[in-house]
Structures are given as structure tokens and as C-alpha cells.
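Here is a note for a colleague who is opening this structure for the first time. The points are numbered so that each can be checked against the view.

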Amino acid sequence: MDNLLNLWQSSGAYQMASGQFAMILVCLGLLFLAIRKNFEPLLLVPIGFGGILANIPGAHLALSAAETAVAVGDSGVLLQLAQLLGLENLASTTAMKEALGNAPASVQAQAMAVAQDAGYNNGMLYNFYTVAIASGVAPLVIFMGVGAMTDFGPLLANPRTLFLGAAAQFGIFATVLGAVGLSAAGIMDFSIADAAAIGIIGGADGPTAIYVSSLLAPDLLGAIAVAAYSYMALVPLIQPPIMRALTTPEERRIEMVQLRHVTKREKITFPLLLLILVALFLPDAAPLLGMFCFGNLMRECGVVSRLSDTAQNALINITTIFLGLSVGSKLAADKFLDPKTLGILALGIVAFSIGTAAGVLMAKLLNLLSKHKVNPLIGSAGVSAVPMAARVSNKLGLEANPHNFLLMHAMGPNVAGVIGSAVAAGVMITMVRAMTG
């Protein structure tokens with residue numbers, strides 16, 4: 001009978017907490033949206049599944065060896081960890097977790113050694129997260145793949161669209177101010193690093209959001225990633241009302257002239273010049289932009305087609321699997337079920353909306369300053385949700401004028417938005433490091 005009782009008490013059903021049950025339902029909801037509604041399925045399927053794995057009671061798949069030891073409650077190990085962390089003997093589990101999370105890297109390494117000596121190991125998802133995201137590798141590899149799939153032709157054919165991509169990044173900086181304002185008002189408790197990580201959602205660029213949050217606010221990574229990819233999937237619902245509200249029917253009917261031919265030499269030279277110029281002024285943007293430009297150079301140079309094909313297909317797909325599972329590890333109930341999550345979701349949609357509006361308004365400003373008109377609808381494509389935002393611009397253009405094909409024109413600001421979000425990420429990282437020392 002005692003054996004049966006021990007078996008029951010070691011089961012997940014016995015150990016299930018209400019928060020874990022709620023998060024499993026949330027993750028099932030993400031899987032439903034991905035599978036049934038086709039909302040960013042390539043990321044939301046592994047993220048949702050990883051979230052379910054992270055919330056299985058007793059499995060500790062998303063915990064380090066030290067965190068597992070704390071969760072299990074081995075008194076001998078807890079006593080050693082408490083002394084190492086400078087806590088009173090056998091402090092509460094919550095206090096122990098918080099102290100462990102805030103401890104210097106050297107102390108965390110010693111805590112890991114204590115736990116591993118006692119027979120505890122890192123969870124599977126924790127290892128995935130350490131290799132894929134904590135190291136920064138996965139977002140950078142994905143950026144390389146995106147670069148290999150990107151055609152700079154529309155941007156080079158109409159360089160003015162670079163301003164539209166730049167303007168759309170205004171949503172990032174406006175949201176940072178909003179997050180700081182909420183903290184100052186006592187509504188939320190976001191640090192400047194948290195605010196910078198949340199603001200990147202406005203760029204509608206998932207890998208960039210994950211990269212920045214992994215550096216500045218790793219505890220918020222799950223909520224930020226879910227918000228970023230959810231809003232990217234909702235581009236066809238979020239953007240059109242804003243675009244219609246800020247443009248007149250006459251503006252939406254503007255037909256743009258055919259783009260000029262861009263030479264191969266221009267396409268090869270541009271990523272090299274872009275990287276050198278930006279990296280010289282903003283070194284913190286070099287990792288993201290460097291991998292993006294490297295991927296694009298492989299595409300355009302024409303002599304490494306096998307490498308370009310691998311970056312565009314097999315490599316980016318494999319990396320996406322582990323990136324999604326790693327993000328899912330941050331959907332554990334104790335990290336996600338927090339008032340901050342609601343704040344992140346609210347600020348994320350504000351950032352996205354402001355970015356869309358800023359791009360449209362910049363297009364209208366360009367029309368006032370130049371003879372050759374641009375259709376303001378392509379300004380909304382300045383958010384870097386490639387190519388969905390460009391398709392939305394094309395769809396609304398065709399609704400206003402059946403002969404108005406804006407897709408290739410909208411790809412210019414769309415690609416510029418990818419560059420802009422990487423530059424904005426570099427600015428955020430530089431500023432936060434300077435402010436926090």
C-alpha cells in the first residue's frame with residue numbers, strides 16, 4: 001500500500017498546480033491557433049508544445065540542475081545552496097529560487113556543481129535554451145536564413161522606401177517610453193532593460209525580439225516571443241483599419257511606376273556596404289545585421305548556391321524547431337502567469353499599431369516633398385513582418401484600384417523594416433548597457 005501511495009504522490013496528476021494546468025491550456029490554445037487558424041505555425045507549434053513540456057509537474061524539463069534540486073526540496077542540498085547563496089538555513093523555496101536567479105554567474109556555477117554532485121541534472125528544455133538562445137546562436141542563424149531569402153532589389157530600385165522602414169521603427173521607441181511611463185505611474189514594474197526588450201515587439205520581427213530579450217530581459221522572453229509572433233500572425237487584422245483611417249480613397253488609388261532593373265553588382269555591393277557602415281557606427285547591431293547581410297551575400301554572389309540553399313531551407317528549419325522549444329521553456333507557470341505578461345501583450349499591440357501608423361504617415365510626408373508619388377499603403381509594410389505586411393498593402397491597393405499592384409513596391413519598405421529593426425535592436429542594447437553600467 002505504501003508503494004502505491006508513493007507512486008501516486010510522485011505522479012504528475014498529484015503534483016499538478018493550478019498555474020501549471022492553466023498554462024497547459026494556454027499552450028493548447030497556441031497549438032489550436034497554429035494548426036487550425038494557421039497563425040505562424042512554424043513557430044507557434046514548437047513554442048506551444050515546448051510550453052506543455054515545461055509545465056508537466058515533476059518532470060523539471062525547463063529547470064537547471066540547481067533549480068531542480070530546489071524544486072525537489074532535498075534538505076541536504078538545500079542547506080548547502082542556502083549557505084552558498086547567503087540565505088538563512090532552509091529558506092522558503094520561493095526565496096531560494098529568487099536568490100539563485102539573482103546570484104552572480106560564479107555563484108550560480110557553484111550552485112550547479114553542488115546540485116550535479118548530488119545527482120541532479122539539467123532539464124532537456126533548459127539545455128535547448130542554453131545552446132539555442134542563451135548563447136544567441138539560434139536568432140542569429142535564423143537571421144542568416146532570412147537574409148538568404150531576401151531580395152534587396154525593390155529597396156535598391158526605390159531607395160526612398162528606406163525612410164518608410166525607418167519610420168515604422170518609431171513604434172519601438174514609443175513603446176519603450178510607454179513602458180517606462182507605466183513603471184513611473186506605479187501601474188507596472190518594468191526596468192529600462194525590460195522596456196527596451198518589450199519595445200522591440202513593435203518591429204514585428206520575431207528573431208530580433210528573441211535576441212534582444214535574451215540579452216536584456218530573459219525572464220520576459222516567453223511573453224515577448226508569444227506576443228511578437230502572435231501579432232505578426234494578426235497583421236491582416238491589425239493593419240487594415242489603421243491604414244484606412246490614415247489614408248483617403250484617392251491616396252489608396254495611387255498607381256506607382258514600374259521599378260527599374262537592379263544589377264547584380266548593386267545587389268552584391270549593398271549588403272557589404274550596409275554592414276560596414278552600420279557596424280562602424282553601431283557595433284551592437286553587428287551580430288544581427290552581420291548574419292543578415294552574410295545570408296544575403298550568399299544568395300546574390302551566385303557562387304555558393306549550396307550554402308544559400310542550406311541557409312534558406314534545412315538550416316533555418318532545424319534551428320526554428322529548437323528555437324521554438326527553447327522559447328516554450330519560458331512559458332512555465334511561475335514565469336508567464338504574472339501581471340507583467342498582460343502589460344507586455346498590451347504594449348506589444350500598441351507598438352505594432354504605432355509602427356504601422358508611422359510608416360503610412362511617412363509615406364504621406366514623402367508625397368508632399370517629392371514629385372513622384374508613392375502609395376501611402378506601402379508605408380505600413382515598414383514593419384518587418386516579411387512578406388505578410390507587403391501582401392496586406394497589395395490587397396488594400398487592389399481593393400481601391402483593380403490595376404494597382406503594390407506587392408513589389410511594398411517589399412522595399414518591408415525589407416527596410418528588417419534592417420531598421422536590427423539597427424533599433426543595436427541602439428537599445430547600447431543604450432541599456434550605458435544606462436545600467
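**Notes on the model**

1. G417 touches G165, Q169, G382 and S384, leaving out residues up to four places away in sequence. The model is a predicted one, and these contacts are read from it. G417 belongs to helix α26, which covers residues 407–436. Is G417 buried or exposed? Its relative accessibility is 0%, so G417 counts as buried. One of its contacts, G165, is 252 residues away along the chain, yet the C-alpha atoms of G417 and G165 are separated by 4.2 Å.

2. Two helix pairs deserve a look. Packed helices in general are described by two values, the angle between their axes and the distance between the axes. For helix α3 (residues 18–35) and helix α4 (residues 41–54), the angle is about 160° and the axes are 8 Å apart. How are α3 and α4 oriented to each other? Angles over 145 degrees count as roughly antiparallel, and α3 and α4 are therefore roughly antiparallel to each other. The crossing of α3 past α4 is left-handed. On the α3 side the contact is made by I24, C27, L28, L30, L31, A34 and I35. On the α4 side the residues are P41, L44, V45, I47, G48, F49, G51 and I52.

3. The second pair is helix α13 (residues 170–184) with helix α14 (residues 192–199), packed at an angle of about 145° with axes 8 Å apart. Here α13 passes α14 in a right-handed crossing. Which residues meet in this pair? From α13 they are I172, T175, V176, A179 and V180. From α14 they are I192, A195, A196, I198 and G199.

4. Next come the charged side chains. In general, side chains of opposite charge can pair when their charged atoms come close. The count of salt bridges in this model is 9. One of them joins D151 to K267, with the closest N and O atoms 3.3 Å apart. D151 sits in the loop between α10 (137–149) and α11 (153–157), while K267 is in helix α19 (residues 264–281), so this pair ties together parts that are 116 residues apart in sequence. D151 is partly exposed, at a relative accessible area of 26%, whereas K267 counts as buried at 17%.

5. A salt bridge is also formed by the side chains of K340 and D194, at 3.7 Å from N to O. This pair links distant parts of the chain: K340 is in helix α24 (residues 339–369) and D194 in helix α14, 146 residues apart. K340 is partly exposed, with a relative accessible area of 23%. D194 counts as buried, at 11% relative accessibility.

6. T341 is also found in helix α24. T341 is buried, with a relative accessible area of 7%. Leaving out residues up to four places away in sequence, T341 touches A223 and F336.

7. E399 and K395 both lie in helix α25 (residues 388–400), 4 residues apart, which is about one turn of the helix. E399 is partly exposed, at 45% relative accessibility. Which residues make up the network of salt bridges that includes E399? They are R244, K395 and E399.

8. R252 lies in helix α18 (residues 249–252). This arginine is buried yet has no salt bridge. The nearest side chain of opposite charge is that of E251, 6.7 Å away, and a salt bridge needs the atoms to be within 4 Å. Setting aside neighbours within four places in sequence, R252 is in contact with M243, R244, T247, N375, L377, G397, A400 and N404. Among these contacts is R244, a member of the network in point 7.

9. I242 is buried, with a relative accessible area of 18%. What does I242 touch, apart from residues up to four places away in sequence? The contacts are S353, T356 and A357.

Definitions and conventions
Residues numbered from 1 in each chain as written. Predicted model: local features only at pLDDT ≥ 70, side-chain atom pairs only at ≥ 80, totals over all residues. Heavy atoms only, no water. Helix = DSSP H or I, 4+ residues; strand = E, 2+ residues; numbered from the N terminus. Buried < 20%, exposed > 50% of the residue type's maximum accessible area, 1.4 Å probe, protein only. Lys, Arg positive; Asp, Glu negative; His and termini not counted. Contact = heavy atoms within 4.5 Å. Axes fitted to C-alpha atoms, helices over the stretch in contact; angles between N-to-C directions. Parallel < 35°, antiparallel > 145°, perpendicular 65-115°, else oblique. Left-handed = near helix turned anticlockwise from the far one by under 90°.
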